[in-house]
Structures are given as C-alpha cells and as structure tokens.
Amino acid sequence: MPIEKYTNDRSNLDEAQRILIDWPPEIKMPNVGIVQDIGAFPSWTKHVRFCENNSIPCVVYSIRDHDWLEKAEEFDVIIGFTSCSSYDLDEIRYKYFILETVLKKACYPSFQNMLLYENKFLEAELSRIYNFPYITTYVSFDKKDAHSLITNLEFPIVSKIVPSSGSLGVELIRTPEEAKKLIRQAFSQNGRKIHIVYARQKNYIYFQEYIPNDGYDIRVIVVGNFVFGFYRKAPKGDFRASGMHLEEMRSLPDEAIKIARNVYKKINSPLLAVDMVHGLDGNFYINEFSPIFEMSTLNQLKVDGVSGAYVFDKNEEYQFFECKYWVHELALKEFFQNHYFPKFTIGEKKE
Ligand SMILES: Nc1ncnc2c1ncn2[C@@H]1O[C@H](COP(=O)(O)OP(=O)(O)O)[C@@H](O)[C@H]1O
Ligand SMILES: [Mg+2]
C-alpha cells in the first residue's frame, strides 16, 4: 500500500460558494488549530478556507508531534482528524479525550464522535438503544458465546472487522462450517489474518444478517437542515458497493432521507453520513453511519444533473435547491452555530 501524504488542494476550491457565518459580537474569535488529514481528498483545506473566509484565526496544528500538548496551549478550538487507520484512530481518540474532556477545548469532531468514527461496534450498540433500522448485528467477544450464536443464525451471514472501510474485511459467510472456522481463527493465539498486514481480527466476531437488496448502497449526508447523497453500485458478482467507485448521482428516496434525519438528530454530530441498503422486502437497512468521511468532489447530490441540496424547513418539509458548497464547510458552520456558540449562552444548555 502506498504511503499516503498530505494533499493541498487549496487552489481548486473556489468553484464552491463561500459559506459565511454571523459571528456574535459578544463571543471572542477563537484561535483554531487545524489538524491535517492525509489522502487525496482532504478535509483540512476546506476547514482552512472556511476559517479564512470568516476571518477566524487558524494555523495547522501538528497533533502527531511529541510536544502536541504544549502546542495545544495556543488553541481554543481544534478542528480535524488524521486518517481512518487503526493506529491513527488510537492516537487521535486519546488526544481528543484530553483536549476536550480534560483541557476543555472545543473539538470538531467531538471526542464522542471521534469514538464513533470507524467503530462499527458502537454503531450497532447505539442503533439498538435508539431503535435505528440498523442491520441486525451479532457481536461477541467470547468464543463459546460466538459458537452458540451461530446455531441460531440463518445463512448466509455477513462478517465484518473493526475498524475497516471500502468493503475491505466485509465477507459473505455461506455456511455454519465457514463461520466456525472464522471463530476458531479469530479466537486463536495470533488472531485471524486480515487484509491489513499489521493487524489481526482478535477475540471478537461481528456477524450480520445478509440483506438481499437492489445492489446499491445509498449514502445520505445530513448537515444542519441540508441533505445530500448519492448511490454506490455493487459490481457485478459482488454484494459490496462501498469503495468500488461506481457512484450514481440522482434523487434520494424520501424514506432514506427521513431515516437519516432521525439518526442525525440522535447522534450529536454537526455532520453525519448514513449508509443504507434497500432490501428486496422494501425496507431500508442502515449498514453504517459516520460523523467523518471522505468527499472526493464538490457534488454530493445531483438531481437531474443539477448540483444542490435538499433543504428542510421548520415544518420538517424539504425542497431541492441548486447550490455548490463544500459540505465540510457547511459542517463547520453548523459546529460553530449549534455546538460552539451555545457554550457561551449563560443559562441555556444545548440538547
Ligand atoms: N448485512 C449486509 N447485507 C448485504 N449487504 C451488505 C451488508 N453489509 C454491508 N453490505 C454491503 O457491503 C458494503 C460494505 O459494507 P460496510 O458495512 O458499509 O463496510 P465499509 O465500512 O467497508 O464500507 C456496503 O456498501 C453494502 O453494499
Ligand atoms: Mg460502508
């Protein structure tokens, strides 16, 4: 795998409309530390653009350095993440815990959302608690329990590993024998070999019901009152759509939009992507939701070839509007307006 690098695409960003925020005069402008994410489609450059367009002082914050704590002293707000690799997640989660919970800095994503990012365990558990239509999932960290689980499952099932993305580590398990083998490997001394060379699936299993579906993974993106989204098609002969680069842009199903809005309201994140498959039984099933995700283009929704967003009003009704925004910038506006400013409103606590 090639070593990914920081990309600076600042010179290509101005096709998007600027997003401006009404800064309340009684709230001091914060010093913002921008954490850089690696890869070809960075978020950090859009975060910088938003801050610059709104005259919010910001500099790059090298959170990976040994003196990250000293460096943090100059910031009131920390924005960004590094990558979805497990070692980066381990690092940023404990650092965001300290920054937000101990040092009381405002963080976007929040520490809570950093924990949720790339954490299919947490997604499944929260879905059970909040009654989200998440695909029925069975997680066990005990070998005996895992074996007893599979006696009651209908095959095929889907097995996943945590963390993972782009459909890597998502497998169809066709028979109880295959499942038993997987359990034996996962609970062995060295764990089960996976596609990531430096990691193993060790002492857990993550099984799901297999949902026969129309061959698409629908991504619905919610940020404030805006909704974007598109379809990803599973290649011929495969049931997995994410990471296969077969995107289709067209209007989103009303029910999928409503499911995503509901999840968004429960998960306290300025930005959320909710991925669903449309079962052949007519129901939508969530296979994943995430407060952080890569966006390769400005266009996150197109209806009849026009770039735009569905925008909700106070009556929970929505209409399509033509627009061109970096969704990352909309997310920062949402963060400041509905997560940061309320911290300064005396006597008023945000939900
Ligand atoms: N339980 C399931 N039944 C049917 N298809 C599934 C199921 N879970 C995932 N998929 C398909 O596999 C793809 C990858 O699964 P997902 O959980 O989204 O993992 P990743 O984090 O790698 O994107 C999805 O895009 C979807 O097409
Ligand atoms: Mg996915």
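Tutor: One term before we start: two strands pair if DSSP finds at least two bridges between them. Strands (E, at least two residues) are DSSP runs, numbered from the N terminus. This is a predicted model, where local features need pLDDT of at least 70, side-chain atom pairs count only at pLDDT 80 or more, and totals for chains, interfaces and linings use all residues. Residues are numbered from 1 along each chain as its sequence is written, with chains lettered from A and ligands numbered from 1 in the order in which they are written.

Student: Okay, which residue in E15 stands opposite Val274?
Tutor: That's Phe289. Strand E14 (residues 271-279) runs antiparallel to E15, and six bridges join them.

Student: How many residues sit between E14 and E15 in the hairpin?
Tutor: Four, and Gly282 in that turn has a positive phi of about 95 degrees.

Student: Is E15 mostly covered or uncovered?
Tutor: Mostly covered: in strand E15 (residues 284-290), six of the seven residues are buried. Buried means 20 or more other C-beta atoms, placed from the backbone, lie within 10 Å of the residue's own.

Student: Switching topic, which residues have the most contacts inside the largest nonpolar core?
Tutor: Val220, Val227, Ala260 and Val274, in a core of 65 residues. A nonpolar core here is a set of buried Ala, Val, Leu, Ile, Met, Phe, Trp, Tyr and Cys residues joined through C-beta atoms within 7 Å. Domain 1 (10-115) and domain 3 (213-342) each give this core at least three residues; the domain bounds come from an automatic or database domain assignment.

Student: And what does Val227 touch?
Tutor: Leaving out residues up to four places away in sequence, its partners include Ile257, Ala309, Tyr310 and Tyr318. Contact means C-beta atoms, placed from the backbone, within 7 Å.

Student: Now the ligand. How many residues surround ligand 1?
Tutor: There are 24, and the closest are Ile211, Asp217, Arg240, Ala241 and Ser242. Being near it means a C-beta atom, placed from the backbone, within 6 Å. E14 and E15 are among the elements that give two or more residues to this shell.

Student: Why does ligand 1 lie between domain 2 and domain 3?
Tutor: Because domain 2 (136-209) and domain 3 (213-342) both give residues to its shell.

Student: What separates the centres of those two domains?
Tutor: The centres of domain 2 and domain 3 are 29 Å apart, taken over C-alpha atoms. Six residues from domain 2 and five residues from domain 3 make the contact.

Key
A residue is buried if 20 or more other C-beta atoms lie within 10 Å of its own, exposed if 12 or fewer, and partly exposed in between; C-beta atoms are placed from the backbone. Two residues are in contact if their C-beta atoms, placed from the backbone, lie within 7 Å.
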